[in-house]
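Please open the model in a viewer and keep the sequence at hand. The stops below follow one another as selections.

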Amino acid sequence: MIGWLKDLLKTNAVAQAPASSAVPVQPLANATRVRALPGETLAKQLALVIDLNVCVGCHACVTSCKQWNTSGSAGPLADEAPYGANPTGTFFNRVQTYEAGTFPGTETIHFPKSCLHCEDPPCVPVCPTGASYKRKEDGIVLVDYDKCIGCKYCAWACPYGAREVDEERQVMTKCTLCVDRIYDEKLPKEDRKPACVSACPTGARLFGDVKDPESEVSKAIRERGGYALMPEWDTLPANQYLPRKKTPPVTH
């Protein structure tokens, strides 16, 4: 966990969640609802693996995520002035695009980012009401909206900027890995994956159990040099990225 956060918790400056706070964010079909203990090593950890080599920045993941979650158990997600000059709103997933390098060796990089479902999430212990928690059965980090008071402590603790306050409801929101979708037996088995994964036209988003060495995501990480974002923060992000393949510039 982040060093300064460990020191803060040692001083008891942050209230610990009451023992009665083990209430899930939403009812889920055929899924247990036990919270993981702080620092507990889990046998299963669901996560995303993002292939930066094939992401084209089309934002299909962003729009599909918004559509599914704003109409599902996590929503509605606020949209402020969506058709105005300065539209804003609540998103679980965003794609950051920027230019890197110097001419003539410049390149455009598209970098999707959402909650990384850290194995040691700093957002959980700072929550004064126990609204933020990590599930024991699959490692997904969630927010119980009924307990959230919108204090933003978790957003300040997250080094990745992956949490956003819904300004209309005044609760903290974040990626849920479409937890209401991946366990829904009413959906065809091939559709039981996060909306962003299903929508990606280039196959840049993989989903699975990173603790299973034979899973698609584990093989991709192992064989293609997958890496965690900002490992120096010691949060042990579950989501991983596959690096871009650089090719020399072509001159004519």
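Begin by selecting Arg 135, Glu 137 and Asp 138, which are linked in a network of salt bridges. A salt bridge here is a side-chain nitrogen of Lys or Arg within 4 Å of a carboxyl oxygen of Asp or Glu. The model is predicted, so local features need pLDDT of at least 70 and side-chain atom pairs count only at pLDDT 80 or more, while totals for chains, interfaces and linings use all residues. Residues are numbered from 1 along each chain as its sequence is written, and side-chain values use heavy atoms, with hydrogens and water left out.

How many salt bridges does a search of the whole structure find? The search finds nine.

Next, select Asp 79 and Lys 66, whose side chains meet in a salt bridge at 3.2 Å, N to O. Asp 79 belongs to strand E2 and Lys 66 to helix H2, so this pair ties together parts that are 13 residues apart in sequence. Helices (H or I, at least four residues) and strands (E, at least two) are DSSP runs, numbered from the N terminus. Lys 66 is buried, with a relative accessible area of 9%, whereas Asp 79 is partly exposed at 36%. Buried means under 20% relative accessible area and exposed over 50%, with partly exposed in between (1.4 Å probe, protein chains only).

Glu 164 is buried, with a relative accessible area of 16%, and Arg 94 is partly exposed at 37%.

Now show E4 and E5 together: the two strands run antiparallel and are joined by eight bridges. Strands pair if DSSP finds at least two bridges between them. Glu 99 stands opposite Thr 108 in E5. In the hairpin, which has six residues between the strands, Gly 101 takes a positive phi near 85°. Of the eight residues of E5, six are buried.

Finish with Glu 107 and Arg 244, a salt bridge whose closest N and O atoms are 2.8 Å apart. Glu 107 lies in strand E5 (residues 107-114) and Arg 244 in the segment after strand E11 (240-242), so the pair ties together parts 137 residues apart in sequence. Arg 244 counts as partly exposed, at 29% relative accessibility.
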